[in-house]
Number of protein chains: 2
Amino acid sequence: MEHVSSLSLLQTPAAIVDRDKLQRNCDRMTVRAQTHRINLRPHLKTTKAAKIAEIATKQHFGGITVSTVAEAFYFNAHGFQDITYAVGLAPHKLPALAALQKEGAHINILIDEVAAIHAIDEAARNLQSTFPVFIEVDSGERRGGVSPDGQQLLDVAAGIVNSNSLTIAGVLTHAGHSYTGTTTDEIVEIAEQERSGAVLAATRLRGMGFDCQTVSIGSTPSVSHAASFEGVTEIRPGVYIFGDMQQVALGTCGIDDVAYSVLATVIGHNHGARRILVDAGSLALSKDGGRGPGANLPTYGRVATVDGRILPGLYLSTLYQEHGLIASKWEEPPYDSLPIGHKVRLLPNHSCLSAASFDEYFVVQNGSQITEIWDKTRGW
Amino acid sequence: MEHVSSLSLLQTPAAIVDRDKLQRNCDRMTVRAQTHRINLRPHLKTTKAAKIAEIATKQHFGGITVSTVAEAFYFNAHGFQDITYAVGLAPHKLPALAALQKEGAHINILIDEVAAIHAIDEAARNLQSTFPVFIEVDSGERRGGVSPDGQQLLDVAAGIVNSNSLTIAGVLTHAGHSYTGTTTDEIVEIAEQERSGAVLAATRLRGMGFDCQTVSIGSTPSVSHAASFEGVTEIRPGVYIFGDMQQVALGTCGIDDVAYSVLATVIGHNHGARRILVDAGSLALSKDGGRGPGANLPTYGRVATVDGRILPGLYLSTLYQEHGLIASKWEEPPYDSLPIGHKVRLLPNHSCLSAASFDEYFVVQNGSQITEIWDKTRGW
């Protein structure tokens with residue numbers, strides 16, 4: 001951890017969080033949840049930081065979503081007790097989660113297959129633990145989950161009810177295919193698939209006499225654009241806290257809302273190739289590519305000044321492990337205003353994968369002044 | 001760090017290294033270097049582990065290549081003193097590298113621009129340090145480096161000679177465009193561009209009376225396929241130590257030579273989408289995609305049993321942050337032989353980006369028995 005007060009003195013690459021933008025992004029989602037009277041259980045796989053979890057859960061019920069056992073332990077150690085582990089469960093992970101339960105945490109797990117119930121139930125019984133279970137529903141993403149209108153939903157519910165150590169917490173779905181929406185209308189339609197799929201599953205379960213208290217949906221694009229939340233009780237978006245260029249393209253935030261960036265240093269100019277080189281590559285920014293700026297150029301992100309002003313027309317055209325290449329949508333990149341040693345902020349296409357590489361966030365307010373350093377978790 | 005003796009008991013995802021395959025890969029490159037009487041200075045940005053550096057430098061002069069200051073510190077702490085930091089230098093990184101010099105390390109840095117020399121020289125002088133400098137040459141990759149036949153090469157050399165704290169160590173190039181070769185003939189041609197570019201630059205420097213002791217080239221595809229190393233004194237390949245599916249596609253190793261894999265657990269079956277879900281996604285495997293198996297299917301990697309036997313026809317079709325989807329090139333993936341909780345090994349497309357996410361390697365010999373745990377570095 002470094003003790004410097006300005007981004008211009010920081011080692012690079014480094015992960016930067018704009019405190020005010022992050023607060024605004026959280027406030028916007030809070031208003032949305034409150035307007036629709038739904039619980040917000042933010043997914044913390046993007047940000048992985050306790051300070052951010054505190055901001056994101058303020059004014060909410062305190063529940064969070066995680067994607068790794070490491071995140072569950074980290075957030076529990078920082079006082080978060082109501083945790084949904086929202087990845088299909090590998091039975092060998094149960095002892096760790098049971099240890100958290102024994103320390104007072106409330107851990108919800110996911111199941112979408114009858115075959116899994118027996119193994120998980122037996123493991124839970126051996127650990128003398130009980131687990132509330134979300135039945136994962138596939139609302140069109142075709143990743144995990146049972147069909148909302150099929151027999152498997154009822155078979156899984158019956159399996160849970162007949163088990164020794166498991167109870168039904170509700171149904172849970174994730175419309176990850178909202179990321180493929182090319183227009184707002186398409187995303188609105190996918191959001192409605194997500195809502196109606198989850199509600200159909202819950203209605204069918206309740207109709208057969210099963211408990212189904214929570215109806216949980218969530219992806220930042222779908223909950224940002226959804227026209228209705230009728231029947232939904234909980235949303236689990238995650239990347240809205242930071243935003244990124246992908247979210248800008250999906251219309252869930254503006255480019256001035258992106259609260260996460262990677263600080264990098266100019267390390268070279270390639271006049272022949274018309275590129276400026278920086279010391280942040282695919283490890284710092286991830287190889288999750290997108291399109292922009294404006295014209296349909298392939299890109300790994302956009303470029304801003306060290307105090308956060310977007311540099312129009314500049315984009316990351318190519319990434320190597322520790323090198324990034326900045327190109328201009330016009331003639332040439334501005335070599336003179338970006339000399340060697342000069343620092344820039346890079347707005348990645350996908351902030352989840354970028355942030356996961358870093359051990360801490362340098363928090364700025366009003367430009368480039370570092371006000372705090374926030375610890376975070378990573379790995380598994 | 002976990003104390004288990006078999007992969008079948010390990011938490012997942014985890015990074016696995018096959019000790020025998022790694023040794024074979026190192027031996028093959030050793031034979032190549034010795035046959036052509038060139039020094040091998042392995043690039044350790046892929047593997048980032050001291051134990052692996054020991055194996056890779058055995059029978060060689062002990063020099064290594066790194067891509068981050070963190071790697072330079074880590075390897076120096078493990079006894080490696082001759083280190084080339086092979087990324088264009090941001091001047092603010094000089095104090096850290098000077099601190100290593102003061103502890104007896106020999107750190108070579110890269111420069112490819114006259115404008116950089118003054119800032120770096122001044123910083124070095126203030127630190128009372130001197131640095132040997134490689135002039136980076138662009139042999140066709142169009143990333144960093146001066147043209148081997150242009151005036152800039154001579155201007156940079158003159159700038160270094162006229163500086164207070166810098167000396168010319170030689171010329172260095174990296175034919176990263178060897179990765180775009182679609183046939184062995186194409187890669188052989190790119191390797192010859194790399195060699196002839198570096199040798200031309202060295203010859204021109206020497207002709208003008210400049211010192212140019214080392215002529216350093218390197219990328220695993222180019223040095224594996226090169227027809228000639230005439231005039232070259234050093235090679236810096238890195239990923240050959242592990243191999244990966246990209247290297248298999250480039251013909252630098254066979255699929256049975258891939259020494260690095262990610263252990264994962266089956267967490268679900270999606271019969272509708274014909275996919276098997278595992279708990280290793282883009283954070284564990286990286287979004288660097290490729291093509292395979294056989295047919296031109298997009299893929300993030302291949303699938304093997306827990307003891308390392310390739311499962312024919314299976315491939316990773318889609319990655320989410322913590323989910324991977326396994327598909328079959330035939331009808332359906334084998335749900336029955338890959339039940340929930342079952343472990344598999346995944347051979348990523350790009351081992352550099354995958355390995356960078358992990359904190360240690362579980363080392364296996366003869367199948368799935370863990371014989372050692374090797375620490376490594378990561379981050380910056």
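Predicted model: local features only at pLDDT ≥ 70, side-chain atom pairs only at ≥ 80, totals over all residues.

My entries below go through the sheets, the helices and the aromatic pairs.

**Entry 1: the sheet of chain A.** I looked up the strand order in chain A and found an open sheet of eight strands, running 2-9-8-7-6-5-4-3 with parallel pairing. Which strands stand at the edges of this sheet? They are strand 2 (39-40) and strand 3 (64-66) of chain A; each has a single partner strand, so one side of each is left without a neighbour in the sheet.

Entry 2: I picked strand 5 (residues 106-111) and strand 6 (residues 131-137) of chain A, and found three bridges between them, in the parallel sense. A reminder to myself: strands of a sheet pair through backbone hydrogen bonds. Ile109(A) has Val133(A) of strand 6 of chain A opposite it. Helix 6 (residues 151-161) of chain A packs on the sheet, where it touches strand 5, strand 6 and strand 7 (166-173) of chain A. Its direction makes about 175° with that of strand 6 of chain A.

**Entry 3: the sheet of chain B.** I turned to chain B and wrote down an open sheet of eight strands, with parallel pairing and the order 2-9-8-7-6-5-4-3. Here I followed strand 6 (residues 131-137) and strand 7 (residues 166-173) of chain B, which run parallel and are joined by seven bridges. Val137(B) faces Thr173(B) in strand 7 of chain B.

**Entry 4: helices lying across the sheet.** Helix 5 (residues 114-126) of chain B lies across strand 5, strand 6 and strand 7 of chain B, and runs at about 155° to strand 5 of chain B.

**Entry 5: two helices together.** How do helix 6 (residues 151-161) and helix 7 (residues 184-207) of chain B pack? I found an angle of about 55° and axes 10 Å apart, which makes helix 6 of chain B oblique to helix 7 of chain B. The crossing is right-handed. Among the residues that meet there are Leu154(B) of helix 6 and Leu205(B) of helix 7 of chain B. By class, this contact has five nonpolar, one polar and one charged residues.

**Entry 6: aromatic pairs.** My search of the whole structure gave 12 aromatic pairs over all chains. One of them is Phe242(A) with Tyr260(A), a stacked pair at 5.0 Å centre to centre with 25° between the planes. The two residues are 18 residues apart.

Conventions:
Residues numbered from 1 in each chain as written. Chains lettered and ligands numbered in written order. Heavy atoms only, no water. Pairing = 2+ DSSP bridges. Helix = DSSP H or I, 4+ residues; strand = E, 2+ residues; numbered from the N terminus. Contact = heavy atoms within 4.5 Å. Axes fitted to C-alpha atoms, helices over the stretch in contact; angles between N-to-C directions. Parallel < 35°, antiparallel > 145°, perpendicular 65-115°, else oblique. Left-handed = near helix turned anticlockwise from the far one by under 90°. Nonpolar A, V, L, I, M, F, W, Y, C, P; charged D, E, K, R; others polar. Phe/Tyr/Trp six-rings, centres within 6.5 Å; stacked < 30°, edge-to-face > 60°.
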